[in-house]
Amino acid sequence: MTVAKFPRQSVLNDRHRALGADLSTAWNDMPIPQNYNTDPYEETAAVRYRAGLFDVSMLKMLNVTGSGSLAFLNHLLTSDVSKAKPGDSHISNIVNEMGALVDDVIVYVDGPEEFRISHGGGAFEDAMIAVASKYDVKIERDNDVHILSLQGPLALETLAPHTPMNLAGLGYFRHEPTTLFGKKVRLARGGYSGERGYEVFCSAANAPYLWDTILEIGKSKGIIPVSWACLDTVRVESSLLFFPFDMPHGDTTPWEVRADWTVDLSKPDFVGKQALIERKGKERSFISGLEVASDRVVEPGAKITVGGKEVGVVTSTVYSQHLMKSLAMAQIEPAFTALGTEVVVHDKGELRAVVVQMPFYDPLRLRTHPKD
């Protein structure tokens, strides 16, 4: 499929092509800059030590408004959205009637009856359409919004002088409307890198100017554009899950990806609640971290055994030049998930591996939650 045939397009495609991206693959019906001419590991170093600028406009954004919007979202999602305040970015999940994960979302709370929903490649919209008519709610896809994500320790000092808001005071997973370089935006603190970072929500018309200006302002600091190959590296180092790749059962529950914190069983009801109650304590596997005794990355899908018995499967992997380790996230039977458990990964032979704490990088999350 050519770029032109994808239903959604980033207005930054010409920037990505100039950086070496062939835009031959897509996510959420939009071409992605999987690779640039730069080495993905050099890009990773930029994110870890300075900052890197990602285009993550491929996320799908929905505006949900109306007097029934809160009840509508609480019916669909596993968490209690009523506990979020305006300005919160609320992480949640959606499961089906069997308690199986079908998507993950971020709910940006703009007001009591105003929400923006960011979701990936799952079935949130299909589930939403099935019940929307029962609520006083208006749902609109926003294909104009573009999302620029500046991630790294220099992100704050790069952006703060160019917005009137108190960016340093913006809490983790909070967001506010403001301007940046004189353009109307929403700035959100968060990201997918394991670093302190900010996401710039802007119009398509303003995206090229903001992209160019951030890179120009950051050039002297060593800030560079970074690809989705880099994004996958930093998210695995930081043990951040990617739906559906880290949910290999096909009907994986939130319990099995250790997302208990996204499930509020005290809510009167939501889709899949009874199934989640019944399946709690019956987990077939848990997402777990592995350090693999190898000087290369292992393949997702590789089988995991203990004593010749198959006990799990590798889901996401990276060879981290930053940590100098071959790392894997995996779904492993509960009996073999204790820290220090030795397993065998079957990938072009038998590779020794050991279960370790996640996240692999910055296990206390001090980079995203600095004591400032």
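1. A quick definition before we start: a charge sits over a ring if CZ of Arg is within 6 Å of the ring centre and within 35 degrees of the ring normal. Arg 48 does this with Tyr 361, lying over the face of the ring at 3.9 Å from its centre. Keep in mind that this is a predicted model.

2. There's another such contact to look at. Arg 116 has its charged end over the ring of Phe 201, and the distance to the ring centre is 5.4 Å.

3. Searching the whole structure turns up six aromatic pairs. One of them joins Phe 72 and Tyr 135, edge-to-face, with 5.8 Å centre to centre and 65° between the planes. Phe 72 belongs to helix H3 (residues 69-76), while Tyr 135 is in the loop between helix H4 (124-131) and strand E8 (138-141), so this pair ties together parts that are 63 residues apart in sequence.

4. How accessible are these two partners? Phe 72 has 0% relative accessibility and so counts as buried. Tyr 135 has a relative accessible area of 23%, so Tyr 135 is partly exposed.

5. Tyr 172 is partly exposed, with 34% relative accessible area, whereas Phe 173, at 16% relative accessibility, counts as buried.

6. Last, check out the cluster. Which residues make up the aromatic cluster? Trp 27 and Trp 228 come together with Phe 242 and Phe 245 in one aromatic cluster.

Notes
Residues are numbered from 1 along each chain as its sequence is written. This is a predicted model: local features need pLDDT of at least 70, side-chain atom pairs count only at pLDDT 80 or more; totals for chains, interfaces and linings use all residues. Side-chain values use heavy atoms; hydrogens and water are left out. Rings of Phe, Tyr and Trp (its six-membered ring) pair if their centres lie within 6.5 Å; planes under 30 degrees apart count as stacked, over 60 as edge-to-face and the rest as tilted. Helices (H or I, at least four residues) and strands (E, at least two) are DSSP runs, numbered from the N terminus. Buried means under 20% relative accessible area, exposed over 50%, partly exposed in between (1.4 Å probe, protein chains only).
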